[in-house]
Amino acid sequence: LEAMPPWKGGGEMIDQVYMDHSTFAAVPARFEAGTPPIAQAVGLGAACEYLLRLGMERVEEYEKDLAKYLWEALSAIDGLQIYGPPPSLGRAALAAFNDESEEVYAPDIASLLDSDGIAIRAGHHCAQPLHRALGAEFGSARASCALYTTKK
């Protein structure tokens, strides 16, 4: 890496600039051209402060309540296959699921819910081997809850 020249130019990857040549920063900075994500760092700081003001214990309890509600609401729908353990065994506030009939695919579910203003994910969620093992070759729908999620 030390001998390799930068592949892209931009802020933060330069050490010194002269009229006839430039020198580059040490590895890894020489490969990290561009302006650092300053606005994102400021936003992350503000988000952390907000969560600390709320109290992470309160956030965790709210998400546990949402996980239980989501599981119960999805379990009440006939013909729906929910993957993973129930909330009583401990799970994140999300659920991956499919229509058991295999006539309705995850992207169809996502599109239908989107028309009602409900955003979910559809696909393999970076877990194709798991989906294959579950017999869900075409992926699954996944609803994820967080602090900003309501039961409506």
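This is a predicted model: local features need pLDDT of at least 70, side-chain atom pairs count only at pLDDT 80 or more; totals for chains, interfaces and linings use all residues.
**The start of the chain**

Begin by selecting Met-4, in the segment before strand S1. With a relative accessible area of 42%, Met-4 counts as partly exposed.

Proceed to strand S1 (residues 14–17), where Val-17 is found. Val-17 is exposed, at a relative accessible area of 58%. Select Ile-14 and Phe-24 together with Val-17 to display a nonpolar patch on the surface, whose accessible area is about 250 Å² in total.

Now select Val-27 and Pro-28. The peptide bond from Val-27 to Pro-28 is cis, with omega near 5°. Pro-28 belongs to the loop that runs between strand S2 (22–24) and helix H1 (38–54).

Move on to the loop between strand S5 (121–123) and helix H4 (128–134), and select His-125 there. His-125 is not a glycine, yet it has a positive phi of about 50°. Cys-126, also placed in the loop between S5 and H4, has a positive phi of about 60° and is likewise not a glycine. Is Cys-126 buried or exposed? Cys-126 counts as exposed, at 88% relative accessibility, while His-125, at 23%, counts as partly exposed.

**Salt bridges on and around helix H2**

A search of the whole structure finds 4 salt bridges. Select Lys-64 and Glu-60; the closest N and O atoms of this salt bridge are 3.7 Å apart. Because they lie 4 residues apart in helix H2, Lys-64 and Glu-60 are separated by about one helical turn. Both residues are partly exposed: Lys-64 has a relative accessibility of 46% and Glu-60 one of 44%.

Continue to Lys-68 and Glu-72, whose salt bridge has its closest N and O atoms 3.0 Å apart. These residues are also 4 residues apart in helix H2, so about one helical turn separates Lys-68 from Glu-72.

Then select Lys-151 and Asp-65, whose side chains meet in a salt bridge at 2.9 Å, N to O. Lys-151 lies in the segment after S6 and Asp-65 in helix H2, so this pair ties together parts that are 86 residues apart in sequence. Lys-151 is partly exposed at 41%, and Asp-65 is partly exposed at 35%.

**An aromatic pair**

How many aromatic pairs does a search of the whole structure find? The search finds 1. Select Tyr-105 and Phe-138 to see it: the ring centres are 5.1 Å apart and the planes stand at 80°, so the pair is edge-to-face. Tyr-105 sits in the loop between strand S4 (94–99) and helix H3 (106–114), whereas Phe-138 sits in the loop between H4 and strand S6 (140–144); the pair thus links distant parts of the chain, 33 residues apart. Tyr-105 is partly exposed at 38%, and Phe-138 is exposed at 58%.

**The largest pocket**

Finish by selecting Leu-70, Leu-113, Ile-118, Ile-120 and Ala-143, which lie nearest the centre of the largest pocket among its 28 lining residues. This pocket has a volume of about 740 Å³. Helix H2 (56–75), S4, H3 and S6 each supply at least two residues of its lining. Which element gives the most to the lining? H2 does, with 5 residues.

Technical notes
Residues are numbered from 1 along each chain as its sequence is written. Side-chain values use heavy atoms; hydrogens and water are left out. Buried means under 20% relative accessible area, exposed over 50%, partly exposed in between (1.4 Å probe, protein chains only). Patches are made of residues with over 30% relative accessible area and no salt bridge: like charges are joined within 9 Å, nonpolar side chains (Val, Leu, Ile, Met, Phe, Trp, Tyr) within 5 Å. Accessible areas come from the Shrake-Rupley method with a 1.4 Å probe; for residues, only the protein chains shown count as cover. Rings of Phe, Tyr and Trp (its six-membered ring) pair if their centres lie within 6.5 Å; planes under 30 degrees apart count as stacked, over 60 as edge-to-face and the rest as tilted. On a 1 Å grid over the protein atoms alone, a cavity is a set of points where a 1.4 Å probe fits but cannot get out, and a pocket is an open set with protein on both sides within 12 Å along at least five of seven lines; lining residues have an atom within 4 Å of a point. Grid points are joined across faces, edges and corners, and a volume is the space filled by probe spheres set on the points.
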